[in-house]
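Student: Could we go through this model together and check each label against its cut-off?
Tutor: Gladly, let's take the labels one at a time.

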Amino acid sequence: MSSFHRQAHAHVKFGCPVTLLVICQDEATAHWAAAPKTIGLPDWPTLSVRAVVVGPHNIPVIDDLAEAVNDLVLTMFSALTHARSEEVAAILEVLADALDTTDTTSAGHIAEQTEVGLGNTDARRIWRDLMATKTYRYQSEYAQMLRAEGEAKTLLLMLDGRGVVVPDAVRRRITSCTDTTILETWFKRAIHATSLSDIFGVDDEQQEQG
């Protein structure tokens, strides 16, 4: 689905203004992404989209702990946009320390977004090493979220492989579950399941389909 369709869908679904945010790790891509993208005739565009673009050209390097504590989200964006620079190790170090100063739920979410946003870069390996070698209050919740996400994906892959049709409502139920004990129970049932009722029970299946 293109950014045009996603924005239109979000606007209709939530009934609120929608802004497209693009995160870039190099300045050339950032300048390209900042240019308006249109659909329609050259002199009469039907739809025009202009993104808010952040990249290494407009997000500062934050490698000071006090500054990171003051703005955790900006520090996360600093890490994501400078993921391919030499400064990223220092940014990730202060981000990891700064997250330990906020509540574990918020810290866990930012830690997870950092993991995803770093993409296939050496910076992701640095981040994972920090999470594995240091001790933070939010680590257990962060690890729990990653584990639940992995188990949910594995469960869905198994169901798809067994030819079990999974409606969108059930798929959302599985992917939104953060209780690994429940996910493990569903997984064990899914090993021999031929229908959703084998996993969730008849009442649950009827409720989801209704």
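Tutor: Below we talk about a helix pair and its salt bridges.
Tutor: This is a predicted model, in which local features need pLDDT of at least 70, side-chain atom pairs count only at pLDDT 80 or more, and totals for chains, interfaces and linings use all residues. Residues are numbered from 1 along each chain as its sequence is written, and side-chain values use heavy atoms, with hydrogens and water left out.

Student: Why are H6 and H7 called roughly antiparallel to each other?
Tutor: The axes of H6 (residues 104-117) and H7 (residues 122-133) cross at roughly 150 degrees. Angles over 145 count as roughly antiparallel (under 35 is roughly parallel, 65 to 115 roughly perpendicular, the rest oblique), so H6 and H7 are roughly antiparallel.

Student: What makes Glu115 and Arg128 a salt bridge?
Tutor: Their closest N and O atoms are 2.6 Å apart, and the definition asks for a side-chain nitrogen of Lys or Arg within 4 Å of a carboxyl oxygen of Asp or Glu. Glu115 lies in helix H6 and Arg128 in helix H7, so the pair ties together parts that are 13 residues apart in sequence.

Student: Which residues are linked with Glu115 in a network of salt bridges?
Tutor: Arg124 and Arg128. For Glu115 and Arg124, the closest N and O atoms are 4.0 Å apart.

Student: How do you know whether Glu115 is buried or exposed?
Tutor: Buried means under 20% relative accessible area, exposed over 50%, and partly exposed in between (1.4 Å probe, protein chains only). Glu115 has 7%, so Glu115 counts as buried. Arg124, at 22%, counts as partly exposed, and so does Arg128 at 44%.

Note on methods: Axes fitted to C-alpha atoms, helices over the stretch in contact; angles between N-to-C directions. Helix = DSSP H or I, 4+ residues; strand = E, 2+ residues; numbered from the N terminus.
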